[in-house]
Amino acid sequence: MSRATSLAAGSVGVALAVLGLKSLAWWLTGSVALMADALESIVNVAAAVAALLAIRLSAAPPDANHPYGHAKAEYFSAVLEGALIVVAALLILSESWQAWRDPQAPELPATGLAISAVATAANGAWSWLLFRAGRRLRSPALLADARHLLSDVVTSAGVVVGVGAVALTGILWLDPLLAALTALNILVSGWRLMRESVGGLMDEAVEPQLLGRIRALVSQEAAGAIEAHDLRTRHSGSTTFVEFHLVVPGEMRVAEAHEICDRIEAALKAMLGSTVITIHVEPEMKAKHQGVLVL
């Protein structure tokens, strides 16, 4: 089992444990804000299962029907997670409106808040772990899960503080108000997650800072060539795809041009890790001179 798969499986276990704790906190108190927190945890479980399935599928080697591999399966998982977050937020808004019309004082607030705080701490620790591993493994599914959990931690902390304020002040409308604010925060989180994931499915270029580093490295390592142009990049899961045209002197031997390409490829792979590089070599008199020049 790969590291990413192990972490995704761990996320399912953590999500189930947190769901149990938050549901218990809601059952003890009857707080609509804690109910909203528990509903989001149901989404966490579904999203964690989807991420696990996507990571397992993305690890499958290329085959006849998928010669470029299955890495984009992780983006589908992240889009699904974003959609589930939006659905949960709409459910919470509906419950918040009902509670606003008929507010109720929470029961056993201290016990419920203590349980919710333990669940929030567990989510925070797991989110930190997923962020570190997701960046290292360049896994969109793990990073999506980490961002979702971090959003959950922020909203849960606000709910704990708010429900405590309700218990201390007796202002009952604070409870449904906090639930509604939680839902709005979840909506924003879900939208951002879907936006980033759809970008991966649409083959967006790498971020400008990384693109600048790629351009600089190609320029540095392409000594002997005349120019490089039409540079294009994209991500597919943990793999970065880079392709460009390299113009060389017309009299240069194939072996010499190949050596330049090998040098560039080695440098790019050292910087980017898992990378697929395509270089189209053109003799000077045949160069099309398209795209932005790199050299």
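A crossing of two helices is left-handed if the near helix is turned anticlockwise from the far one by less than a right angle, and right-handed if clockwise. The views below show a predicted model, in which local features need pLDDT of at least 70, side-chain atom pairs count only at pLDDT 80 or more, and totals for chains, interfaces and linings use all residues. Residues are numbered from 1 along each chain as its sequence is written, and side-chain values use heavy atoms, with hydrogens and water left out.

**View 1. Helix α1 (residues 3-29) packs with helix α5 (residues 140-169).** Helices (H or I, at least four residues) and strands (E, at least two) are DSSP runs, numbered from the N terminus. The two axes come within 11 Å and cross at roughly 20°. That makes α1 roughly parallel to α5 (angles under 35 degrees count as roughly parallel, over 145 as roughly antiparallel, 65 to 115 as roughly perpendicular and the rest as oblique). Axes are lines fitted to C-alpha atoms, for helices over the stretch in contact, and angles run from 0 to 180 degrees between N-to-C directions. The crossing of α1 and α5 is left-handed.

**View 2. Residues of α1 meet residues of α5.** Ala4, Leu7, Ala8, Ser11 and Lys22 of α1 are in contact (heavy atoms within 4.5 Å) with Leu142, Asp145, Asp152 and Ser156 of α5. By class, the residues of this contact are 4 nonpolar, 2 polar and 3 charged. Ala, Val, Leu, Ile, Met, Phe, Trp, Tyr, Cys and Pro count as nonpolar, Asp, Glu, Lys and Arg as charged, and the others, Gly among them, as polar.

**View 3. The largest nonpolar core has 23 residues.** Such a core is a set of buried Ala, Val, Leu, Ile, Met, Phe, Trp, Tyr and Cys residues joined through side-chain atoms within 4.5 Å. Buried means under 20% relative accessible area, exposed over 50%, partly exposed in between (1.4 Å probe, protein chains only). Leu7, Ala8, Ile55, Trp126, Leu130 and Leu142 touch the most other members. Two or more residues come from each of α1, α2 (32-58), α4 (109-137) and α5, and α1 gives the most, with 8.

**View 4. Thr240 is found in strand β2 (residues 239-248).** Thr240 is buried, its relative accessible area being 0%. Not counting residues up to four places away in sequence, Thr240 touches Arg138, Val206, Arg234, His235, Leu272, Ser274, Thr275 and Val276.
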